[in-house]
Amino acid sequence: MHSPLVTFMGTTPNIGTSIAALAAACRIAQDTNAKVGYLCLNLKSAKSHRYLGVDNPLETLDSLRPELRSLSLHPEKLLLATHSVIEGLHVLFGNVLRDQAEFFTSEEVDHLLDVARQTFDIVIADVGAYWDNAATLCALRGASLRLVVTTGALSHFQEDGQRWLKQLSPLFGIPGDQYEAIIIQTTWRNGGFHVKEICNELGVPLLGELKLSEPMLSQLDSGTLDQWLVSDEQGKQAMAQPVQHIIQRYGLPRRPGLHAQPWYRKLMTHRDGVST
């Protein structure tokens, strides 16, 4: 039985799609006992390795091309090619050979996704905002959950969103209403449109929001996004709400929490100055 595949697609480049996908993968790994696989399938502008402070990764998506071409990739090889971020989260960095982006075939990407779903309990695929490649099309067509990431800018959710979801997506067999929305709240924009208006325009339901902040953006430049997500109080909340829906939807095993101390135990503690 294949694990769920959650695909993040941005309406527009450079709006925070990869941040949302990485934050979601991190939250799932922290909150569950699931083995989480994050696949950077942004073939033309992969930056996940930079965000995580690995400037020259030894293993990237393009380094798996021999196995993908021969359709011989196996779970052990895929796992070895990933970068361990925190316990339970394994990241496959994206294609760094941008001039070869169009050489990836649909058979290769489908093979990668199939092996990933055998390797991990849940797979997060980040395909960015470009549709003219096999990675985007295959990851969207094979997804259990399709998340469209956009902002409150009219040109993002109306112009780009309408043309991708309502015009192009159905041509590839994916109705435009088979997505859910993640709305990015940016630091550089005041006012704008309400979340309800954005979702009505796109014709899809809201799954959640992600607020970008100056501290978060500085983490991207310093390559410490993972530290911000697990250590900073604001970072710990990034994508927390939508991830709970994902965990519940797919029945992922939650980590056991601390149990509250029973009321009678408190009465027994320190009785007559002696702890029991």
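# Pockets, rings and polar contacts

The largest pocket has a volume of about 320 Å³. Among the 20 residues lining this pocket, Pro 13, Asn 14, Ile 15, Gly 16 and Tyr 51 are the closest to its centre. The model is predicted: local features need pLDDT of at least 70, side-chain atom pairs count only at pLDDT 80 or more, and totals for chains, interfaces and linings use all residues. Residues are numbered from 1 along each chain as its sequence is written, and side-chain values use heavy atoms, with hydrogens and water left out.

**Exercise 1.** Determine which element gives the most to the lining of the largest pocket, and divide the lining residues by class.

*Solution.* 
1. On a 1 Å grid over the protein atoms alone, a pocket is an open set of points with protein on both sides within 12 Å along at least five of seven lines, whereas a cavity is a set where a 1.4 Å probe fits but cannot get out; lining residues have an atom within 4 Å of a point. Points are joined across faces, edges and corners, and a volume is the space filled by probe spheres set on them.
2. At least two lining residues come from each of α1, β5 and α9 (214-222); helices (H or I, at least four residues) and strands (E, at least two) are DSSP runs numbered from the N terminus.
3. The greatest contribution is that of α1, with three residues.
4. The lining comprises ten nonpolar, eight polar and two charged residues. Here Ala, Val, Leu, Ile, Met, Phe, Trp, Tyr, Cys and Pro are nonpolar, Asp, Glu, Lys and Arg charged, and the others, Gly among them, polar.

**Exercise 2.** Find how many cavities of 30 Å³ or more are present, and describe the lining of the largest cavity.

*Solution.* 
1. The count is one cavity of 30 Å³ or more.
2. The volume of the largest cavity is about 50 Å³.
3. Its lining consists of Leu 22, Cys 26, Leu 52, Val 85, Leu 89, Val 91, Asp 226 and Leu 229.
4. By class, seven lining residues are nonpolar, none polar and one charged.

**Exercise 3.** Classify the ring pair of Trp 131 and Trp 164, then the pair of Phe 157 and Phe 193.

*Solution.* 
1. There are three aromatic pairs in the structure. Rings of Phe, Tyr and Trp (its six-membered ring) pair if their centres lie within 6.5 Å; planes under 30 degrees apart count as stacked, over 60 as edge-to-face and the rest as tilted.
2. For Trp 131 and Trp 164, the ring centres are 5.7 Å apart and the planes stand at 15 degrees, so this pair is stacked.
3. Trp 131 lies in the loop between β5 (122-128) and α6 (134-141), and Trp 164 in helix α7 (residues 154-168), so the pair ties together parts 33 residues apart in sequence.
4. Trp 131 is buried at 4% relative accessibility, whereas Trp 164 is partly exposed at 24%. Buried means under 20% relative accessible area, exposed over 50% and partly exposed in between (1.4 Å probe, protein chains only).
5. For Phe 157 and Phe 193, the centres lie 5.3 Å apart and the planes at 75 degrees, so this pair is edge-to-face.
6. This pair links distant parts of the chain, 36 residues apart: Phe 157 is in helix α7 and Phe 193 in the loop between β7 (180-185) and α8 (195-202).
7. Phe 157 is buried at 2%, while Phe 193 is partly exposed at 36%.
8. Trp 131, Trp 164 and Phe 172 make up one aromatic cluster.

**Exercise 4.** Locate Arg 65, and state over which ring its charged end sits.

*Solution.* 
1. Arg 65 belongs to helix α3 (residues 65-69) and is buried, with a relative accessible area of 5%.
2. Its charged end sits over the ring of Phe 104, 4.3 Å from the ring centre; the criterion is NZ of Lys or CZ of Arg within 6 Å of the centre and within 35 degrees of the ring normal.
3. A polar atom of the Arg 65 side chain lies 3.3 Å from the backbone oxygen of Phe 103.

Notes. Polar contact = N/O pair within 3.5 Å; in protein donor to acceptor, adjacent residues only side chain to side chain.
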